Amino acid sequence: MKNRGNFSSRIGFVLAAAGSAVGLGNIWRFPYLAAKYGGGTFLLCYLVLAVTFGFTLMIAEIAIGRKTRLSAIGAFSALDKRFGFIGILASIVPIIIFPYYSVIGGWVVKYLVTFASGGMQAATSDTYFTGFIGGLADPLLWFCVFVGCTALVVLFGVEKGIEKVSTILMPILVVLTIGIAVYSLTIDGAMEGFLYYIKPNLEDFSATTILAAMGQLFYSMSLAMGIMITYGSYMQKENHLEGSVRQIEIFDTAIAFFAGMMIIPAVYAFSGGDKSAMSAGPGLMFITLPKVFASMPGGAFVGTFFFLLVFFAALTSAISLMETIVSIIMDKFNLPRKKTCLIVLIMTLILGIPSSLGFGVLDFIQPLGMSILDAWDFISNSVMMPIIALFTCFFVGFIIKPQAIIDEVKQDGEKFKAAKMFTVMIKWIAPIFLILILLSSIASALGFMSI
Ligand code: PHE
């Protein structure tokens with residue numbers, strides 16, 4: 001483990017972890033979920049869950065990484081031999097997610113290039129998006145471009161690649177997000193949409209709202225897939241762990257909040273408050289938003305910046321996915337970084353092809369009644385991640401005991417202010433929620449299958 005990289009500073013660590021957390025989940029997924037599940041109500045649920053549930057799991061994962069200085073596979077078995085399987089399960093998740101995440105990343109690059117080269121009008125046609133993703137060479141090409149960019153950064157390693165890119169891109173991302181969000185509020189009629197977005201309305205509240213918020217939280221904070229364990233393993237002992245987790249959380253949640261503020265009021269104003277436009281789902285960013293840009297003065301410019309921002313966000317997340325896979329292979333087989341990057345690159349390109357073609361030539365393959373990409377998303381996010389998180393809670397709560405994590409957090413000489421909440425959450429409350437999520441996922445999968 002001599003050659004293991006390290007983040008050079010606490011802020012470098014925080015920005016890299018925030019770079020992993022802030023991604024398509026914040027900008028593409030959060031706004032459409034918020035729009036669909038009642039705006040302010042969803043927002044409120046999300047915030048409460050982030051500071052309790054998200055905080056607990058993130059502290060546990062980063063502490064496990066920092067304590068053992070190993071990535072997920074090694075970390076769990078180093079703490080208790082019998083539980084190495086949790087690490088293996090967790091490591092499978094990024095291997096599943098990275099290829100399909102890069103397919104969507106490729107779509108973003110395509111939109112960025114289209115907007116930047118003056119093709120905005122074309123992008124507003126109803127069939128542009130479906131025509132593009134249903135194609136053959138085009139989506140594959142952009143997928144390769146996206147994976148190539150990611151591999152390039154990971155090749156440079158932790159400090160020179162990941163930390164550097166994150167420290168440059170993350171601040172730009174914050175400025176771009178706030179800028180576009182404020183601009184969006186100035187559109188005629190946007191204020192009403194903004195109110196819908198921030199005002200909780202009890203009528204909209206239901207168990208599905210909580211479950212949707214919970215699922216989003218996992219995804220958004222890159223939890224339950226070994227990523228935070230890997231990043232924790234590169235964290236120096238003197239960096240304050242609790243404070244760092246709070247910062248990452250605030251970062252992630254703030255970007256999601258502003259992304260909602262960019263998109264929801266604009267779409268609301270554009271559609272005259274029509275709820276069906278708001279619940280356009282995944283298509284909100286690729287189909288509805290280009291129309292919004294086209295309707296505003298300077299839209300091509302704003303749109304280009306918007307997709308640039310999404311690209312940065314997706315890139316830093318993809319970097320964390322690839323780094324996790326690379327570090328697992330490096331630890332396990334003692335291979336050099338360069339060779340490992342090449343292996344992971346080729347593996348990802350091969351694995352991503354079916355997801356990319358699943359909307360075109362391979363659209364007759366519909367596992368669980370969904371496209372190939374959606375099926376991978378479902379299996380990783382809705383099935384594997386809750387299971388892994390559940391095992392992690394059990395492992396920390398009853399095997400190594402919460403005290404082991406509390407001691408690790410205190411290693412940096414600071415107090416662990418939320419230690420009590422951490423203990424209760426990890427032992428009891430989080431597992432109950434996780435079981436509920438899992439049951440609801442299984443129910444929805446069965447629903448799909450019976451169609
Ligand atoms: N957290 C990232 C986001 O919000 C998504 C992601 C998931 C990143 C899994 C890495 C791993 O988009």
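Over the ring of which residue does the charged end of Arg246 sit? The ring belongs to Phe55, and the charged end of Arg246 lies 3.8 Å from its centre. This is a predicted model. A search of the whole structure finds three cavities of 30 Å³ or more, along with 36 aromatic pairs. The salt bridges number seven.

**The largest pocket**

- The volume of the largest pocket is about 1,000 Å³.
- Its lining is made of 36 residues. Nearest the centre lie Arg29, Tyr32, Asp377, Phe378 and Ser382.
- Several helices give two or more residues to this lining, including H2 (24-36), H5 (84-116), H11 (207-220) and H20 (419-450).
- Helix H18 gives the most, with seven residues.
- By class, the lining of the largest pocket has 20 nonpolar, 12 polar and four charged residues.
- Arg29 also lies over the face of Tyr219, at 4.8 Å from the ring centre.

- The largest cavity holds about 130 Å³ of space.
- It is lined by 16 residues, and the closest to its centre are Ser20, Tyr101, Tyr219, Ser222 and Ser317.
- Helices H1 (10-21), H2, H5, H11 and H16 (299-333) each supply at least two residues of that lining.
- Eight of the lining residues of the largest cavity are nonpolar, eight are polar and none is charged.
- The second largest cavity holds about 60 Å³.
- Its lining has 13 residues, with Ile180, Ser184, Met262, Ala266 and Phe293 closest to the centre.
- Helices H9 (158-185), H13 (241-270), H15 and H16 each give at least two residues to the lining of the second largest cavity.
- This second lining has 12 nonpolar residues, one polar residue and no charged residue.

**Aromatic rings**

- A pair of aromatic rings is described by two things: the distance of the centres and the angle of the planes.
- Trp107 and Phe359 form an edge-to-face pair, with 5.6 Å from centre to centre and 70 degrees between the planes.
- This pair links distant parts of the chain, 252 residues apart. Trp107 is in helix H5, while Phe359 is in the loop between H17 (337-357) and H18.
- Is Trp107 buried or exposed? Trp107 counts as buried because its relative accessibility is 7%, under the 20% cut-off.
- Phe359 has a relative accessible area of 24%, so Phe359 is partly exposed.
- Trp107 and Phe359 belong to one aromatic cluster, which also includes Tyr111, Phe115, Tyr128 and Phe293.

**Salt bridges**

- Asp80 and Arg82 meet through their side chains in a salt bridge, 2.8 Å from N to O.
- Asp80 is buried, with a relative accessible area of 14%. Arg82 is exposed, at 61%.
- Glu249 and Arg246 form a salt bridge at 3.2 Å, N to O.
- Both residues lie in helix H13, three residues apart, or about one turn of the helix.
- Glu249 counts as buried because its relative accessibility is 4%. Arg246 has a relative accessible area of 27%, so Arg246 is partly exposed.
- Arg337 and Glu323 meet in a salt bridge at 2.9 Å, N to O.
- That pair links distant parts of the chain: Arg337 is in helix H17 and Glu323 is in helix H16, 14 residues apart.
- Arg337 and Glu323 are both buried.

Methods:
Residues are numbered from 1 along each chain as its sequence is written. This is a predicted model: local features need pLDDT of at least 70, side-chain atom pairs count only at pLDDT 80 or more; totals for chains, interfaces and linings use all residues. Side-chain values use heavy atoms; hydrogens and water are left out. On a 1 Å grid over the protein atoms alone, a cavity is a set of points where a 1.4 Å probe fits but cannot get out, and a pocket is an open set with protein on both sides within 12 Å along at least five of seven lines; lining residues have an atom within 4 Å of a point. Grid points are joined across faces, edges and corners, and a volume is the space filled by probe spheres set on the points. Helices (H or I, at least four residues) and strands (E, at least two) are DSSP runs, numbered from the N terminus. Ala, Val, Leu, Ile, Met, Phe, Trp, Tyr, Cys and Pro count as nonpolar, Asp, Glu, Lys and Arg as charged, and the others, Gly among them, as polar. Rings of Phe, Tyr and Trp (its six-membered ring) pair if their centres lie within 6.5 Å; planes under 30 degrees apart count as stacked, over 60 as edge-to-face and the rest as tilted. Buried means under 20% relative accessible area, exposed over 50%, partly exposed in between (1.4 Å probe, protein chains only). A charge sits over a ring if NZ of Lys or CZ of Arg is within 6 Å of the ring centre and within 35 degrees of the ring normal. A salt bridge is a side-chain nitrogen of Lys or Arg within 4 Å of a carboxyl oxygen of Asp or Glu.
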